[in-house]
Structure formats: structure tokens, C-alpha cells
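Please look over the sequence and the structure before reading on.

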Amino acid sequence: MKTICIIGGKLQGFEVAYLAHKAGMKVVLVDRREKPLILSAVDDFHCFDVIREPDRLVAISENADAIIPVNENMETIEFLKRIKDRFACPLLFDFDAYNISMDKKRSKDFFYSIDVPTPAGNPKSPPYFVKPPCESSSVGTSIIYDDRELDGLDPDILVEEYVEGDVISLEVVGDGENFAVAKETKVHVDGTYDCHMVTPIDHHQEFRDISLKLARNLRLRGIMDVEAIDNPNGLKVLEIDARFPSQTPSVVYHSSGINLVEVLIKAFTDGIGEKYSSEIIDDKNHCTFEHLALKDGEFEPVGEHVISQGTDYHVFHASHGLDIFECIGDIRVFTLMSWGPGKEEAENNRQRGFGIVREHLGIENLN
């Protein structure tokens, strides 16, 4: 049995733990908090700060097959880069690619340099899409419809043209020379641009070509998530994130059979083989991944940031075609992941999930 050590106990860590367990691996968590969010989802836990006690992490590496950083604390990331050669197992992370992806201005310059389509910067008229340069995902983003709203913005804030369309996502794993492009997904966002649902989408060759181009120019050795807007006038890349993402890899797994944790390990051991470098991924299932919060006796979609503020996130139910996770916090959230060989069967499993939660909570209607 392989053992994966993850550094960070939030949603990225939960994603890795979930997929590692699907592959029959043991998951060891290292986190400096005494009660990290995903404590119930791992097999072993060590509470310490890796910066203050690096020797403990080195010792853990001697009994692990790989270490995956699943946090975005720059002090921790930079420290891991300095000590990675001390580990007895590979550290599955591309520090150079992350250095570009963690800064949205740096990323945009990279897109321009290799002619990757992206929303225009500093447009002359509204609506504008504004976002901070170094926050993950949707944190701090908004749409501005009036020039007067630009007054007083921090000079570091990025101001781009607002492009309408579906938000789509694609993961790429590379070994530095060969690259595996996974399965396209749609990221359903709420009014704050936070993801509340993920579903697979049909083969999108343009998106695959662009994602592969990005990975090749980065000489990616690790995993990268590419996010874009699918607009009728053409696809526009919003951002890249060279770290293990949350939510989308589970949909990739259940819709295509590709386990991105397994592929990532191969990238650092055997290399990306022909099995994973194929240009077209066959769909095996339809899959829906969604977060539902209980508010005043009713359920409504919520974004992943609500879960990240919880105190415990764990597996609530697991059966054929259906996994349910529960988050305990100020707001109680259930994550339903339902899948099947067609949309009808996947929807049947989804409705079965609603019934399981409804029965547990004693609620008559949930849809």
C-alpha cells in the first residue's frame, strides 16, 4: 500500500485524500492546527509546523511514497522548496510553475508572451472584472459597471474586460517533457463567483490545445489547473493554478476514470506514459458535484468558501454511484457527488442522495 503525506488540512487536502483512498493509498496529514478541517478524512495525523520542525517531516518522508503540499501559504511553500532535497520520497510540486501561477499579473504576462487568449487588461469602458493579484480562485473578485467604482481601488488590483460565458476547467499533469490533459469540466459559480457545483462537459479541442501549450511552455513537472471562459466569440483563459485543485478532480475521476493523484505520482516516478498522454479522454459517466447548505430548514447551493470556514469535513455516506460529505460549522453543508453511465442514472443517484439526507435530517422535501 502506498502512503501519501499531505501538508495542509483544508479542501485541497480533502481532494487528495479522497482520490488517494479511491486508489487504495494511505493518507498521512501534517498540519500545524490541532483540529484541521479534514482530520476525519485521513488515516494518520501529525500536528506540527513544518518550518519550525523540519526534521519531523523528513522522518515522515522515510515512510512515505510521496509528499504533496496542499496549502497556499507562501512561507511554507518557499521553505519546502529549500528543504525538498532532504526528503526520502519525491515532493510532488512544481515550484517554478507555481511562482508564475500564484501571481495573476505574472500569469497574464506569461499568457501574452505565448499568445494565449485572455481577457483584455485595462479596458476603456465597463463592465470591468476586478480581482486581487495573488488570491486563490474567486476571493476578492467582483464586476464593476460604473467608472466611478474604480476610484479608490488598490493599485495592485487587476482590472480586466468582463467576458460572459461558462467557466470551464481543465487539469494538466506533466513530467517536464510529456503531459497528460485530463477531462474538461464546467465550474458553476454563484453571485460571488464561488464554485457551488461542478459537472463534466463535452470534448473541447481548443481548450485542450491551449492547456497543453501552457504546460509545454512552463515545462510543467507537477499538476496545473487551467480556468477559462467559454464565450461565443472565443475562449479566454482566466488563470492557471500550479497546485492540486479541489472539486474538479473528483468529477474528472467519476466521469472519466482518471485519478489525478495516481497520474501525479507517475509524473515523478515512471513519467507520463502513453496511457495518460492520449489526446481524447472517453467519457465513462455523467457526474454532478454540488454543495448544499441547510438554512432555515431549506437547502440552497453554497460555494466552497463556506466549507473552508467549517470545523469538520468528512464522508457522510458512500454507495454505488453516490458519495456524500458533511461539513460541520456555522452553516451545515452537505456535498453530494452522484454519477452514473448516463445523465438519467446519475440524476437518479442524485435524487437518492437527497432522500438519504432528507431522512437523516427529518426533512420532508429536498430537491
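Arg 208 is buried, with a relative accessible area of 1%; buried means under 20%, exposed over 50% and partly exposed in between, with a 1.4 Å probe and protein chains only. The model is predicted, so local features need pLDDT of at least 70 and side-chain atom pairs pLDDT 80 or more, while totals for chains, interfaces and linings use all residues. Residues are numbered from 1 along each chain as its sequence is written, and side-chain values use heavy atoms, without hydrogens and water.

**Salt bridges**

- Arg 208 forms a salt bridge with Glu 184 (3.3 Å, N to O), a term for a side-chain nitrogen of Lys or Arg within 4 Å of a carboxyl oxygen of Asp or Glu.
- Arg 208 lies in helix 6 (residues 205-218) and Glu 184 in the loop between strand 9 (179-181) and strand 10 (185-189), so the pair ties together parts 24 residues apart in sequence.
- Glu 184 is likewise buried, at 1% relative accessibility.
- A salt bridge also joins Glu 290 and Arg 350 (2.5 Å, N to O), and both residues are buried.
- In total, the structure holds 20 salt bridges.

**Overall fold**

- The protein has 11 helices and 18 strands, counted as DSSP runs (helices H or I, at least four residues; strands E, at least two) numbered from the N terminus.
- Of its 367 residues, 56% count as buried.
- The C-alpha atoms fill a box of roughly 55 × 55 × 45 Å along the principal axes.
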